[in-house]
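Subject: Structure handover

Dear colleague,

Please find the structure below for your records.

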Amino acid sequence: MSEPVQKVDVAIVGGGMAGASLALMLTHFCPQLSVALLEQRALPDASASVQLPSFDTRATAIAAGSLQLFQQLGLWPALREYSAPIQSIQVSDKGHSLGVSLSAREQERVSFEGMLGVVIENAALGPILHRALAETPVKILAPARVSSVHMEAAGAMLRWSAGEQSPEYCLTSGLLVVADGVGSPLCRQLGIEFDTIKYQQRALVTTVGLQRDHGGVAFERFTNSGPMALLPLPSREGQHRAALVWACPDKEAEALCAMPEDERLRRLQKSFGWRAGRFVRAGALQGHPLSLSLAREQWRRNVVLIGNCAHFLHPVAGQGFNLTLRDCYTLAQALTGEQPVQGSQAQLKRLQTYGRNRSFDQQLTVGFSDRIPALFTSGNPIQQFVRQMGMLGLTLVPPLRAQFVSQAAGFGL
Ligand SMILES: Cc1cc2nc3c(=O)[nH]c(=O)nc-3n(C[C@H](O)[C@H](O)[C@H](O)COP(=O)(O)OP(=O)(O)OC[C@H]3O[C@@H](n4cnc5c(N)ncnc54)[C@H](O)[C@@H]3O)c2cc1C
């Protein structure tokens, strides 16, 4: 192996959905910057075809606003191949007849090519991002686990290695982007604290087989055990499929995960109801612990946080990655210009601008993701009344509905 790169303008630590997306945006919008991406796990070979496990995977709803960004990056054709369009969203409260239906046809202002968004399995999204990266000048270091970071006046000095038996290397960068996920060890090294609320819930995730076509409908269903989302997926081998995400209390989640498939199938059907027809198959449930985790600082001199390490949200409204994409875009816009980024006063100003421009959308999206599940799982009659009135308002007042869809579709307000 040739001696790895030693100095770059921007070093991104973490090659997950956030880090990989930012790297693509930087190389597209800020070609003057040299960028390195360090990921502790090996990435699949760029030539490898997308491998999709059938029935045990997480999927991501990508909103219309985010698709516009991916289109600018030239990734829309690849995304379209592996995703299912969302033509409409149906929000309902189990046990109550009122519900809201939002369609792309009605909401042209916030749709993309006639859809409100798409749903793609993460197992397909990751390789699409990584294959696109392999065709850019971004220096990809993987496997490369960053073990320590030392801040200097002109930037960051990172120590990394490819594994326990491998030599350690140093990399200096004018700007350090931390994208190493929720609870980020790197942030802790930097003394960045988090405000965290544990929801005592798990997001149970699986793929279900449907007897009939989903027709591009994304269902958001609020049940007494927590919100359930059923998201359209592309059919495979003649099987209609949907991704199910059910946020339910820890204890119930444990019991559900231990159920055999036939019992699990009955339970999922009973809890979700029949709006999407009969469930004919359900893969194993994977549980993801849920919390709200917000970094107290998202940027400081020579450092910026992106993705789950900056804000980890309840997945109820499918907002986390979409919010991150808007952050990445704004950061890339703040760093455009002729000067390479060097731990300077000018760079600090750009980060300030970035922070200011992102604060409103972040607060709104965090509040939306935090309050909706609490409101919709409450058995309190006053809160039940409030949510029924909310549904009625969304049904009857077009501007309210347009605002709601605009937020949900990733355009902000
Ligand atoms: C159940 C569920 C469903 C969701 N559904 C949606 C949805 O429908 N729509 C939506 O917009 N969002 C959704 N989200 C949110 C979305 O998944 C996150 O926004 C996304 O995963 C952010 O990823 P990340 O890159 O920040 O973190 P991660 O995916 O955790 O990536 C961090 C990366 O950093 C690497 N790393 C860590 N430490 C180091 C180190 N020291 N050195 C080098 N590399 C390191 C890790 O290996 C990893 O690859 C959902 C979340 C959950 C939990």
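Accessible areas come from the Shrake-Rupley method with a 1.4 Å probe, and for residues only the protein chains shown count as cover. On that basis, the protein chain has an accessible surface of about 18,100 Å², and carbon and sulfur atoms contribute 52% of this surface.

Please note that this is a predicted model, in which local features need pLDDT of at least 70 and side-chain atom pairs count only at pLDDT 80 or more, while totals for chains, interfaces and linings use all residues. Residues are numbered from 1 along each chain as its sequence is written, and side-chain values use heavy atoms, with hydrogens and water left out.

The protein chain contains 11 helices and 20 strands (DSSP runs numbered from the N terminus: H or I of at least four residues for helices, E of at least two for strands). Among its 413 residues, 54% count as buried (under 20% relative accessible area, with exposed meaning over 50% and partly exposed in between; 1.4 Å probe, protein chains only). Of the contacts (heavy atoms within 4.5 Å) with a separation of 6 or more, 73% are between residues 24 or more positions apart.

Across the whole structure, a search finds 6 aromatic pairs. Rings of Phe, Tyr and Trp (its six-membered ring) pair if their centres lie within 6.5 Å; planes under 30 degrees apart count as stacked, over 60 as edge-to-face and the rest as tilted. One of the pairs, Phe70 with Phe321, is tilted, at 6.4 Å centre to centre and 35° between the planes. This pair joins helix H2 (residues 64–72), which holds Phe70, to helix H8 (residues 320–334), which holds Phe321, across 251 residues. Phe70 is buried at 1% relative accessibility, and Phe321 is buried at 10%.

Trp76 and Phe112 form an edge-to-face pair, with 5.1 Å between centres and 85° between the planes. Trp76 lies in helix H3 (residues 76–82) and Phe112 in the loop between strand E6 (99–103) and strand E7 (117–121), 36 residues apart. Both Trp76 and Phe112 are buried.

A single aromatic cluster is formed by Phe219, Phe272 and Phe279. Over the ring of Phe272 sits the charged end of Arg221, 5.9 Å from the ring centre (the criterion is NZ of Lys or CZ of Arg within 6 Å of the ring centre and within 35 degrees of the ring normal).

Finally, Gln347 belongs to helix H9 (residues 345–377) and is buried, with a relative accessible area of 3%.

Yours sincerely
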